[in-house]
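Take a walk through this fold, one region at a time.

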Amino acid sequence: MKLYFDENFPPAIPKALNSLEIHEPENEIFSTSSEFKTGIKDQLLIKKIGDNKGIWITFDRKALKAHYKVLKRYKVSVFAFEFGSHKYWEKIYLVLKHWKKIKVILSERKDDSFYMYRITKTKIVEVKQN
């Protein structure tokens with residue numbers, strides 16, 4: 001599975017996770033800023049992730065609502081972190097805190113169905129689609 005962390009995350013996060021996942025090769029983890037160009041518009045980014053059959057991990061809590069139709073059209077599932085801090089180490093801590101649960105969700109959802117999750121400081125919640 002290809003997981004794309006958007007440019008709002010420090011590039012060290014996907015790089016480190018990719019190194020840690022070496023023993024579980026079913027996951028490939030990328031930074032969108034290294035795979036695509038920095039500053040790419042969300043709609044084009046979503047299309048590119050969809051072309052690669054990837055999953056978008058974003059720090060943009062507005063992305064779920066703003067890009068719902070595009071996400072659904074390109075079948076790009078998304079995990080959207082919704083924490084208020086922009087502090088470097090807090091982002092790292094929260095990604096690592098929720099990483100195991102994200103992997104459980106990914107293993108349970110092996111099909112190509114479209115899904116969205118919000119990630120808060122304390123939990124991961126599926127966003128029900130209309």
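Thr32 touches Tyr4, Phe5, Asp6, Glu7, Lys37, Leu45 and Ile49, leaving out residues up to four places away in sequence. This is a predicted model. Thr32 belongs to helix H2, which covers residues 32-35. Is Thr32 buried or exposed? Its relative accessibility is 2%, so Thr32 counts as buried. The cut-off for buried is under 20% relative accessible area.

Now step back to the chain. It holds six helices and six strands. Along the sequence, they follow the pattern β-α-β-α-α-β-α-α-β-α-β-β.

Next comes the sheet. Six strands make up an open sheet, in the order E2-E1-E3-E4-E5-E6, and their pairing is mixed. Which strands stand at the edges? They are E2 (28-31) and E6 (124-126). Each has a single partner strand, so one side of each is left without a neighbour in the sheet. From one strand to the next, the twist averages 20°. Strands of a sheet pair through backbone hydrogen bonds, and they do so either parallel or antiparallel.

Follow the pairs across the sheet. Strand E1 spans residues 2-5, and strand E3 spans residues 54-58. The two pair in the parallel sense over four bridges. Here Leu3 stands opposite Ile55 in E3. E3 also pairs with E4 in the parallel sense, this time over three bridges. In this pairing, Ile57 stands opposite Phe79 in E4. Then E4 pairs with E5, parallel over four bridges. Phe81 has Ile119 as its bridge partner in E5.

Stay with E4 for its side chains. In a regular strand the side chains alternate between the two faces of the sheet. Val78 and Ala80 point one way from E4. Phe79 and Phe81 point the other way. All of these residues are buried.

Helices lie against the sheet as well. Helix H3, residues 42-51, lies across E1 and E3. H3 runs at about 145° to E3. Helix H6, residues 88-108, packs on the sheet too. What does H6 touch? Its partners are E1, E2, E3, E4 (78-81), E5 (116-119) and E6. The direction of H6 makes about 160° with that of E4.

Look next at a loop. Tyr74 sits between helix H5 (68-73) and E4. Its relative accessible area is 25%, so Tyr74 is partly exposed. Setting aside neighbours within four places in sequence, Tyr74 is in contact with Ile46, Lys47 and Gly50. How far is Tyr74 from Lys97? They are 23 residues apart in sequence and 29 Å apart in space, C-alpha to C-alpha.

Finally, take the chain as a whole. Its C-alpha atoms fill a box of roughly 35 × 30 × 30 Å along the principal axes. A compact globule of 130 residues would have a radius of gyration near 14 Å. The chain has 13 Å, which agrees. Of the 130 residues, 45% count as buried. The accessible surface comes to about 7600 Å², and 52% of it belongs to carbon and sulfur atoms. Among contacts with a separation of 6 or more, 59% join residues 24 or more positions apart.

How values were computed
Residues are numbered from 1 along each chain as its sequence is written. This is a predicted model: local features need pLDDT of at least 70, side-chain atom pairs count only at pLDDT 80 or more; totals for chains, interfaces and linings use all residues. Side-chain values use heavy atoms; hydrogens and water are left out. Two strands pair if DSSP finds at least two bridges between them. Axes are lines fitted to C-alpha atoms, for helices over the stretch in contact, and angles run from 0 to 180 degrees between N-to-C directions. Contact means heavy atoms within 4.5 Å. Buried means under 20% relative accessible area, exposed over 50%, partly exposed in between (1.4 Å probe, protein chains only). The radius of gyration is taken over C-alpha atoms; the globule rule is 2.2 Å times the number of residues to the power 0.38. Accessible areas come from the Shrake-Rupley method with a 1.4 Å probe; for residues, only the protein chains shown count as cover.
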